[in-house]
Amino acid sequence: MAEVLEFRVPAGPGRTLLVLGLETDATEHALYLAFSAFGPLYSVRLHRNAVVAGPGFYALVKYYSARDASRAQFACNQQPLFQKSALKVCLCTRQRPFPQQNLALNSYKCQELANHYLGFNGWSSRIVTLQDISGFEEEVNEGEDSRALPESQRCKYLCIQELTLPQHSICARGVGVAETPVDPSQGFVTAMRGAQKLAAQKALSDAFQKILLVVLESGKVAVEFISPQEDLVDCLADEELKGLLQVTDLSFSQLNPEGEEEILSDFSMDGE
């Protein structure tokens with residue numbers, strides 16, 4: 001049976017493993033090395049046992065794929081792996097819903113997932129436009145908090161990135177908007193670069209939201225493109241798109257859906 005994976009925080013039953021019986025010298029790195037052999041991991045979290053349970057740790061290991069989690073549980077349960085005593089590995093089939101589980105993955109994790117299933121040469125991205133939109137919208141709208149920073153102390157950028165999957169003949173575009181305050185101790189240029197990078201990261205993540213990975217039992221991967229028909233970002237040519245952004249009255253604050261927090265150190269604009 002095929003499994004469909006989105007570029008979103010993995011949700012639903014069967015994707016998380018509970019690892020019990022970890023010794024006091026266990027580390028998240030050791031867990032990552034052991035369990036990532038079965039598929040890409042979204043997260044590894046190590047927690048100290050309750051006092052009544054004695055010394056040691058337990059861990060939660062979350063996969064993107066329920067199939068990978070099941071294989072890992074079968075192979076690792078009652079095995080010592082990286083320690084002397086055997087571990088108990090259970091598959092969590094019921095979980096409380098958390099708000100962040102429906103969030104878009106940040107750009108770094110999108111790239112990790114794409115590299116695993118599509119290969120390092122299976123996708124590429126380029127920046128279509130990166131525009132300074134500071135002052136485009138009214139600084140303080142009626143009824144809003146008047147204590148907001150004045151425009152001269154903020155940098156705001158809009159970025160559109162194009163994601164290409166040549167082997168699947170798919171091209172998707174994403175939009176990202178980022179705003180950073182100007183720190184007097186660091187200067188305007190630092191704030192500008194930070195806003196540019198964050199906007200580019202968000203745009204890349206947004207483009208990946210239009211891609212679905214269909215993973216077959218054989219390991220082969222098919223790709224589906226999903227995008228609203230009215231999405232002009234995917235329909236217009238580069239020059240038409242840049243012109244539209246210059247005259248549009250669209251509220252930029254509404255362009256980005258909620259997603260994981262981006263990490264500036266994980267992204268470089270060089271070679272985009």
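Student: Which residues form one aromatic cluster?
Tutor: This is a predicted model, in which local features need pLDDT of at least 70 and side-chain atom pairs count only at pLDDT 80 or more, while totals for chains, interfaces and linings use all residues. Residues are numbered from 1 along each chain as its sequence is written, and side-chain values use heavy atoms, leaving out hydrogens and water. Rings of Phe, Tyr and Trp (its six-membered ring) pair if their centres lie within 6.5 Å, with planes under 30 degrees apart counted as stacked, over 60 as edge-to-face and the rest as tilted. The cluster consists of Phe7, Trp123 and Phe208.

Student: Is the pair of phenylalanine 7 and phenylalanine 208 stacked, tilted or edge-to-face?
Tutor: The count under the ring rule comes to three aromatic pairs. In this one the ring centres of phenylalanine 7 and phenylalanine 208 are 4.7 Å apart and the planes stand at 35 degrees, so the pair is tilted.

Student: How many residues apart are phenylalanine 7 and phenylalanine 208?
Tutor: Helices (H or I, at least four residues) and strands (E, at least two) are DSSP runs numbered from the N terminus. Phenylalanine 7 belongs to the loop between β1 (3-6) and β2 (16-22), whereas phenylalanine 208 belongs to helix α4, and the pair thus links distant parts of the chain, separated by 201 residues.

Student: How is the pair of tyrosine 42 and tyrosine 64 classed?
Tutor: Tyrosine 42 and tyrosine 64 have ring centres 5.9 Å apart. Their planes stand at 80 degrees, so the pair is edge-to-face.

Student: Are tyrosine 42 and tyrosine 64 buried or exposed?
Tutor: Buried means under 20% relative accessible area, exposed over 50% and partly exposed in between (1.4 Å probe, protein chains only). Tyrosine 42 and tyrosine 64 are both buried.

Student: Which strands stand at the edges of the open sheet?
Tutor: Two strands pair if DSSP finds at least two bridges between them. Three strands form this sheet in the order β6-β7-β8, with antiparallel pairing. One side of each edge strand is left without a neighbour in the sheet, because each has a single partner, and these strands are β6 (124-132) and β8 (170-181).

Student: What angle does the direction of helix α4 make with that of β8?
Tutor: Eight bridges join β6 to the antiparallel strand β7 (residues 154-165). Helix α4 (residues 188-208) packs on the sheet and touches β6, β7 and β8, where contact means heavy atoms within 4.5 Å. Axes are lines fitted to C-alpha atoms, for helices over the stretch in contact, and angles run from 0 to 180 degrees between N-to-C directions. The angle between α4 and β8 is about 150 degrees.
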